[in-house]
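Here is a colleague's note to read beside the coordinates. Please keep the structure open while going through the points.

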Amino acid sequence: MTSNSTSCPSAKVSRRALALGLGLAFATLGTAIPASARTADSLAAPHAGYTSSAGGAANNKAFFEAVLTSVAKKQAAHPGLRSVTVSYDASRAPSFRSQISSAASIWNSSVSNVKLQATSGGADFAYYEGSDPQGSYASTDGHGNGYIFLDYAQNQQYDSIRVAAHETGHVLGLPDHYSGPCSELMSGGGPGTSCTNRYPNAAERARVDRLWVNGLAKALDKLNKVR
């Protein structure tokens with residue numbers, strides 16, 4: 001299988017010009033901006049990245065809890081729902097729309113107790129794109145909102161759909177396992193750039209389904225705890 005990396009013309013722009021352009025665009029939208037999208041020279045807080053980074057485990061847990069809390073609020077507003085749907089906004093990562101859609105489809109075909117759905121507003125988490133020396137990662141903005149950042153250069157080095165599917169795995173509660181084989185989606189960049197597996201293995205699929213089993217009740221319980 002060959003890599004479906006996206007080549008983005010913006011990667012040719014200077015880091016500062018890119019950061020300025022993204023900053024103006026996000027400021028217009030009035031949306032919280034990942035630190036690395038504001039300036040590619042600054043380092044974001046510890047995060048769960050595609051390649052190893054300090055503090056990833058703790059931040060991954062915070063990210064999952066942020067998404068779960070967002071889902072819980074929606075579930076509480078619609079008590080008749082019997083399944084859990086996690087919504088995402090890909091509008092701020094236009095270069096990776098195809099990869100994000102493919103990643104969502106992979107997860108939706110792999111697990112039963114939770115589904116990913118694209119939306120244009122009121123999403124549980126969002127995707128961003130840009131340049132960051134730390135690469136792609138899943139994180140929170142510090143205010144209970146989760147987001148995924150997709151780095152241009154890293155998505156040219158690694159299979160881009162695998163990167164998106166891996167980071168989306170954090171949305172569903174999976175931690176990084178960089179020492180794992182290529183057959184593990186959550187091994188991320190550990191197996192190297194030649195790894196193009198885009199699918200979670202049986203253990204990863206089972207873990208997600210266990211996390212989201214009776215997801216409606218868990219989401220509501222989470223909401224009650226944070227009130």
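1. **Basis.** This is a predicted model: local features need pLDDT of at least 70, side-chain atom pairs count only at pLDDT 80 or more, and totals for chains, interfaces and linings use all residues. Residues are numbered from 1 along each chain as its sequence is written, and side-chain values use heavy atoms, with hydrogens and water left out.

2. **Fold.** The protein chain has 8 helices and 6 strands. Helices (H or I, at least four residues) and strands (E, at least two) are DSSP runs, numbered from the N terminus. Their order along the sequence is α-α-β-α-β-α-β-β-β-β-α-α-α-α.

3. **Burial and surface.** Of the 227 residues in the protein chain, 48% are buried. Buried means under 20% relative accessible area, exposed over 50%, and partly exposed in between (1.4 Å probe, protein chains only). The protein chain exposes about 10,200 Å², and carbon and sulfur atoms supply 53% of it. Accessible areas come from the Shrake-Rupley method with a 1.4 Å probe; for residues, only the protein chains shown count as cover.

4. **Contacts.** Take the contacts between residues at least 6 apart in sequence: 66% join residues at least 24 apart. Contact means heavy atoms within 4.5 Å.

5. **Salt bridges.** How many salt bridges are there? The count comes to 3. The rule asks for a side-chain nitrogen of Lys or Arg within 4 Å of a carboxyl oxygen of Asp or Glu.

6. **Lys 74 and Asp 124.** These side chains form a salt bridge at 3.7 Å, N to O. Lys 74 lies in helix α3 (residues 56–77) and Asp 124 in the loop between β3 (114–118) and β4 (125–130), so the pair ties together parts that are 50 residues apart in sequence. Lys 74 is partly exposed at 32% relative accessibility. Asp 124 is buried, at 4%.

7. **Arg 92 and Asp 89.** In this salt bridge the closest N and O atoms are 2.8 Å apart. Arg 92 counts as buried at 15% relative accessibility, and Asp 89 counts as buried at 8%.

8. **Arg 198 and Asp 159.** Their salt bridge spans 2.9 Å, N to O. Arg 198 lies in the loop between α6 (160–171) and α7 (202–212) and Asp 159 in the loop between α5 (152–157) and α6, so the pair ties together parts that are 39 residues apart in sequence. Arg 198 is buried, with a relative accessible area of 11%. Asp 159 is buried at 0%.

9. **Cores.** The largest nonpolar core has 39 residues; those touching the most other members include Val 86, Trp 107, Phe 125 and Trp 212. Helix α3 gives the largest share of this core, 6 residues. A nonpolar core is a set of buried Ala, Val, Leu, Ile, Met, Phe, Trp, Tyr and Cys residues joined through side-chain atoms within 4.5 Å. Leaving out residues up to four places away in sequence, Val 86 touches, among others, Val 67, Val 71, Asp 124 and Trp 212. A second, separate core of 5 residues includes Tyr 128 and Tyr 137.

10. **Disulfide.** The structure holds 1 disulfide (a pair of cysteine sulfur atoms within 2.5 Å). Cys 182 is joined to Cys 195, S to S 2.0 Å. The link is right-handed, with 85 degrees about the S-S bond. Cys 182 is partly exposed at 27% relative accessible area, whereas Cys 195 is buried at 2%.
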